[in-house]
Amino acid sequence: MIQVNDIYKTYKIKDKYGNKSTLNAVNGVSFTLKENTSYSLVGQSGSGKSTLAKLLVFVEKSTEGEIFIDGENLSLLSKDQIRKKRSNFQMVMQDAKSSLNPKYTVFESISEPLLIFEKLSKNQLNHRVMNLLNMVELPQELTERYPHQLSGGQLKRICIARAIALNPKLIVFDEAVSGLDVTVRKKILELLIRLRKKLSATYLFITHDIDVALFLSKNVFVMKDGVIVEYNQNANDFSSFKHEYSKLLIKSLPPVYPSQNNNLKVNII
Amino acid sequence: MKNVLEIKDLSLWVKKTGIQILKNISFGIERGEVVGIIGESGSGKSMTCMAILQLLNKRIFNINGNVIFNNSDLMKMGKEKLKIIGKDISLVMQNPMTAFNPTLRIGTQITETIRVHNKMSGKQAYEMGIEALEKVHLNRTKELMHSYPHMLSGGMLQRIMLAITLMLEPKIVIADEATTALDVNTQAMVLEHFCQMKKNNISLIVVTHDFGVIAKLADYVIVMKDGEIVEQANVFDIFDRPNHEYTKQLLDARILTGGR
Amino acid sequence: MFRDIIKNTQAMVGLTILLIIFIFALFAPYLAQNDPVDVNPVLKFKEPSSNYPLGTDNLGRCVYSRLIHGARYSLFIAIPILFSLAFISIILGTITAYYGGLFDKILNVICNIFMAFPPLIIVLSLVGSLGQGMINIAVSVVISMWVWFVRVIRSYVLEEKNKQYVISARISGCSDFRIILKHIMPNTMPQIIVYFSTGISGIILMISGFAFLGIGIEKGLPEWGAMLSDGKSNLYSNPQLLIYPGVCILLTAAGFNLFGEALRDIISKEEG
């Protein structure tokens, strides 16, 4: 169980005249994520959703507030202690290509977390990596390829394999499918759903697309300006959202079907 | 109605490798019509735009075919003549950050663009610029004119880009993934501006990978795959009776929940 | 990458020049016919002959032998300088860029102070206080140049450090040491190699320049810069005494530059 208690992240910024001010990227967020459940978090760029993701996997340290994983307060730990706990919380970042070391082969990239956290023989390591490739539905011939020789969808799968390698308790997907082609996007989304059945963990999907959020989970958080404005625990359809901002996000979605009226309505928000 | 722009048998090869990027692309666009080109990465949809605008380096690419605008073939035109035509065909790109010069104020860039195309004083151009920004419903226009590109968000810059485009009164606007990098609600705003353009009888070529954008704007849809047009038809026909397997796949992948 | 180097004409031209110079430097005692410092006033300003392939200079020394031995001085001073510069700058640049903080700020101030003076002035004053000698000049060049190299490597590492794969390595549990060694280093190394291979020509020119001014290298040693300086008094009667060492300096510097620039092209192509 992951429990987040009133966390804040404040950045110090300087404007063009050198005046200092502060920006609250995450402005007091609390929630509890249950085991073996998936959650979605929707927000625009600038809503603080990516910062929140970074706080959850301790890439950045929260200015205030606590994060508990299975009852243990991780906010009190030092940098090195956190490092030893990293097998518990993993993140898949938005841009798959740039989140893989260009000088590493697929095998090296996937095996890296295993090498750090587990003492495995060469055979065991090989076996585990092949297993992971199977999990993310990639052919085993790819192991010796480099990132620039792979397609966007394949790269994404490798990032996912890296994240699930250590059987973490929490996996955060930051914009898991944005920037992918539609058909690839659908395949990755379906993979995520299959993966969820095989691998028990807490999943948090962060996205700007409320449609994707709804597709992946029934528990949807809506975030705006560093605050969670709505938590919809029973998000079956668009109409179950109550907050004004959530409704605006839904209204802004491009239409599913063309209509003559829609084309001519000029309505600037 | 007669086509404003007509593309006939456009083909494109990379000279060095001999790889064909576009294969016999032909379509036409009428006045005030919106043609949507949809395809995934590598389908050659952006290359088609570049070829239409004569922006491809002829030393790297072999280009065949005709691009007919106002009864003249752009492919056979010299650089000087193309400059004049340039005012009639505008391009809106995906990343507005790179379309602006980062070292100049927005105002300077707008007034300069105006003065390249029209003879007028700086002050007149400035007022015209403000007017143009107001036309796309931007607030605090004076502040905007004084800011640098990095101070504004992508959505804001894209709307300024549209303001500049509209100001030049083009006959055809080519939007190459113009809303891809934007948030859902900024995208909605930008799409509304495109709708307005359409109302003003400007022809639009919308290049996208998103059927939502197509549904919102297009009258006529071209589906591209691997440098070829696999299907082209009226929007309603595409949505109701897609013929090609690939079109069906794309349409299918588009709807995740549909709001359920 | 090696295949790309072989295919690239510019790189191969540079490499060939360097190889020839290296062979000359390594086997100088065997290739040179005469003792480069053997003074023989009777034989001064001789025409080229089978004994003296390029003739003799104003003190009757064999020009050909001096040139070949000169390659030793140029390379064997420049290369240790380069290695010490590389050692200092890679360690300092990487650590300050990666950790940032107070140490980085202090180093920045030191860099700014050093960079306020041209290297020439620093070397002049250091050699002045340390005295003549090859080791002294090498030490002074290192002291005058290290900040420039640290700065550049720091900027490479800073750029690399902010890339997403470093963050993702951290998420996977890599320690700072592992991130630096296994992720940042391999990715900055090509650029660093390019920078150093173009930088070495600067160092060679600098040493020759100092030798020309009579700083660092003892009088009479067959260093190219010193040979230039010796030759300048006979500029009108025997211009070849200036031309030979000049061409040698030019070729060495050009060799390193050609190779370095070609390497840069190859690497940027690989990345793009």
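In the predicted model, D219(B) and K198(B) form a salt bridge with the closest N and O atoms 3.0 Å apart, a salt bridge being a side-chain nitrogen of Lys or Arg within 4 Å of a carboxyl oxygen of Asp or Glu. The pair links distant parts of the chain, 21 residues apart: D219(B) is in the loop between α9 (211-217) and β9 (220-225) of chain B, and K198(B) is in helix α8 (residues 184-199) of chain B. Helices (H or I, at least four residues) and strands (E, at least two) are DSSP runs, numbered from the N terminus. D219(B) and K198(B) are both buried, where buried means under 20% relative accessible area, exposed over 50%, and partly exposed in between (1.4 Å probe, protein chains only).

Residues are numbered from 1 along each chain as its sequence is written, and chains are lettered from A and ligands numbered from 1 in the order in which they are written. As this is a predicted model, local features need pLDDT of at least 70 and side-chain atom pairs count only at pLDDT 80 or more, while totals for chains, interfaces and linings use all residues; side-chain values use heavy atoms, with hydrogens and water left out.

Over all chains, the count of salt bridges comes to 27. One of them joins E112(A) and R162(A), with 3.2 Å between the closest N and O atoms.

In chain C, the side chains of E261(C) and R264(C) meet in a salt bridge of 3.4 Å, N to O. Both residues lie in helix α11 (residues 240-271) of chain C, 3 residues apart, or about one turn of the helix. E261(C) counts as partly exposed because its relative accessibility is 33%, and R264(C) is likewise partly exposed at 37%. Elsewhere in chain C, D57(C), R61(C), R66(C) and D230(C) are joined into one network by salt bridges that share partners.

Helix α5 of chain A (residues 152-164) also contains G152(A), which is partly exposed at 39% relative accessibility. The C-alpha atoms of G152(A) and G179(A) are separated by 8.8 Å, the two residues being 27 apart along the chain.

Two residues of chain A other than glycine have positive phi values. For D70(A), phi is about 50 degrees; D70(A) is in the loop between β4 (64-69) and β5 (72-73) of chain A and is partly exposed, with a relative accessible area of 41%. For E175(A), phi is near 50 degrees. E175(A) lies in the loop between β7 (170-174) and α6 (182-198) of chain A and is buried, with a relative accessible area of 6%.

Of the 2 pairs of chains that touch, chains A and B have the most contacts, contact meaning heavy atoms within 4.5 Å. Chains B and C are joined by no contact, and their closest C-alpha atoms lie 16 Å apart.
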